Amino acid sequence: TSTFKIENTSSIALKCSILLESLSPNRDKEQQKLPAFLTSQGKMDLVGTQNYSGLSVFSVSPVEGIIGTGKTQEFTITFSPDHESLHYSDCMKIMLFDKEVIRVIQLKGAARSHMMFVEGGDPLDVPVESLALTMSMAEEAARAESEKLTKPILLRLECIQSETSMIPAVRELRVGGIRTAQFPSKKNVEFSWENLSLLQMKGFSIDPVKGTVDRGQTKAITVSWVPPAGSDPDQLVTGAALLTLKGDVKEVYSVYFTSKIVIK
């Protein structure tokens, strides 16, 4: 949950109401359109993945009320996902007197099946998820088993080179641990990298290469790239390494690196 407050500094009482885009009466019509990533309009959907159950993944309480002069009203946003996804989102509008929208807030959330996660990298999927059952339970089980082997992460790096200097390419990944009653174990999350020798020969460096993360916290991993002497600016440099996380289970990520020199 998360909370926010609205304070009435005016001389009159305010009627305030909260609207979620996922509950809009126009939502069904919007869903008949092609998703934004197919129409190439550069526009992202305000409402992303929703619950399989049909219930809103985000809820707000209270949804309306009267805020007296000089008074403050606290609102609580609850995030209740029913399956793992990185693309939960909704749009919340705050209205006065059922007419004027005074604030639009984008809500985003992610749900994980396990207590650890990795954030960062470049998108390998689209932020739209079908809620239709497209495969049998046996097929889903086989797919879930195969995904336990490794999970892919893509990291693109660009090194800026001018006539007088070269700016190293720097990206960041974040390893996190989730604090929740669902995972009562007090064990922290451990992470470590493997297969780094070839990457280092190609100019990549990773810091730190291993560590621990407390539950409820995240830790940054810095990835940098400096082209070795004599590197061809027209040549794309690639590499890969394994990132292993240990928490309530063991997860292995295949991290793929692509880098190039950009001359300015």
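Colleague: How much of the chain is buried?
Modeller: Of its 264 residues, 32% count as buried. Buried means under 20% relative accessible area, with a 1.4 Å probe and protein chains only.

Colleague: Where do these numbers come from?
Modeller: This is a predicted model, where local features need pLDDT of at least 70, side-chain atom pairs count only at pLDDT 80 or more, and totals for chains, interfaces and linings use all residues. Residues are numbered from 1 along each chain as its sequence is written, and side-chain values use heavy atoms, leaving out hydrogens and water.

Colleague: How many helices and strands?
Modeller: Four helices and 17 strands. These are DSSP runs: H or I of at least four residues for helices, E of at least two for strands.

Colleague: What's the strand order in the open sheet of six strands?
Modeller: β10-β9-β17-β16-β12-β14, with mixed pairing. Strands pair if DSSP finds at least two bridges between them. β10 (166-167) and β14 (210-213) are the edge strands, each pairing on one side only.

Colleague: And how do β12 and β16 pair?
Modeller: Antiparallel, over five bridges. E190 stands opposite K246 in β16.

Colleague: New topic. Which residues touch the most other members of the largest nonpolar core?
Modeller: W193, L245 and F257, out of 29 residues. Such a core is a set of buried Ala, Val, Leu, Ile, Met, Phe, Trp, Tyr and Cys residues joined through side-chain atoms within 4.5 Å.

Colleague: What does F257 contact?
Modeller: Beyond neighbours within four places in sequence, its contacts include L155, W193, F204 and V223. Contact means heavy atoms within 4.5 Å.

Colleague: What lies apart from that core?
Modeller: Another core, of 18 residues, including F4, F58, I77 and L96.

How values were computed
Buried < 20%, exposed > 50% of the residue type's maximum accessible area, 1.4 Å probe, protein only.
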